[in-house]
Amino acid sequence: MTDNTIRVVIPLTIRKKNGRPKILPPADIQSAGARAQDPHVLRAIARAWNWRRKLERGEVSTIHDIAMAERVTDQYVGRMMRLAYLSPNVLERLVIHRQPPALALNDLMAVPDLPWTQQMERVFGSDSESSATH
């Protein structure tokens, strides 16, 4: 090294999120972007509600009709539509407050099977009650 060289060391962690590498800052530093909502989650919820409304209005008769129109499998539509049945409190925090879930999208699809009283903790982790005042 020369006298004009400055060495900066930043301890970062690389973790996969939704199959892609994501660089995480040190645990003691909270960046502004770290709490941003994942656009994939918002898009998945929007699609689920759109499909649910189409079924309720009678625009389509079955999940198979949706799958054919969207060119995806029946299983995919069925899994994604589950997001339309999340509790109102969870949906509010995800969509309106844009609070990111503590789990991946694939894990989020299993949450509607839980009672509404348990969904908040499962989606946002144990700190869900303390940050509910957003």
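Predicted model: local features only at pLDDT ≥ 70, side-chain atom pairs only at ≥ 80, totals over all residues.

Visitor: Fine. So is Gln119 buried or exposed?
Guide: Gln119 has a relative accessible area of 0%, so it is buried.

Visitor: Where is Gln119 found?
Guide: Gln119 is in helix 6.

Visitor: And what is Gln119 in contact with, leaving aside its neighbours within four places in sequence?
Guide: Leaving those out, Gln119 contacts Tyr85, Leu86, Ser87 and Val90, plus Val111, Pro112 and Leu114.

Visitor: How do helix 4 and helix 6 cross?
Guide: Helix 4 covers residues 88-96 and helix 6 covers residues 116-124; their axes come within 8 Å and cross at roughly 30°. Angles under 35 degrees count as roughly parallel, and therefore helix 4 and helix 6 are described as roughly parallel to each other.

Visitor: Which residues make that contact?
Guide: From helix 4 you have Pro88, Asn89, Val90, Arg93 and Leu94, and from helix 6 Trp116, Gln119, Met120, Val123 and Phe124. By class, the contact of helix 4 with helix 6 divides into seven nonpolar, two polar and one charged.

Visitor: Switching topic: how many residues does helix 1 have, and how far does it reach?
Guide: Helix 1 runs over residues 39-57, so to speak a stretch of 19 residues. From first C-alpha to last it reaches 27 Å, close to the 27 Å expected at 1.5 Å a residue.

Visitor: What comes after helix 1?
Guide: Gly58 follows helix 1, and its phi is positive, near 85°.

Visitor: Which residues of helix 1 are buried?
Guide: Those are Val41, Ala44, Ile45, Ala48, Trp51 and Arg52. They cover an arc of only 130° around the axis, which puts them on the same side of helix 1. On the other side of helix 1, Arg43 and Arg57 are exposed.

Visitor: What covers the buried residues of helix 1?
Guide: The cover includes helix 2 (63-70), helix 3 (74-81), helix 4 and helix 5 (105-108).

Visitor: Let's take helix 3. At what angle do the axes of helix 1 and helix 3 cross?
Guide: They cross at roughly 105°, with the axes coming within 8 Å. Helix 1 and helix 3 are therefore roughly perpendicular to each other.

Visitor: Which residues meet there?
Guide: Ala44, Arg47, Ala48, Trp51, Arg52 and Leu55 of helix 1 meet Tyr76, Val77, Met80 and Met81 of helix 3. The contact of helix 1 with helix 3 has eight nonpolar and two charged residues, and no polar ones.

How values were computed
Residues numbered from 1 in each chain as written. Heavy atoms only, no water. Axes fitted to C-alpha atoms, helices over the stretch in contact; angles between N-to-C directions. Helix = DSSP H or I, 4+ residues; strand = E, 2+ residues; numbered from the N terminus. Parallel < 35°, antiparallel > 145°, perpendicular 65-115°, else oblique. Contact = heavy atoms within 4.5 Å. Nonpolar A, V, L, I, M, F, W, Y, C, P; charged D, E, K, R; others polar. Expected span 1.5 Å × (residues − 1). Buried < 20%, exposed > 50% of the residue type's maximum accessible area, 1.4 Å probe, protein only. Arc of directions from axis to C-beta.
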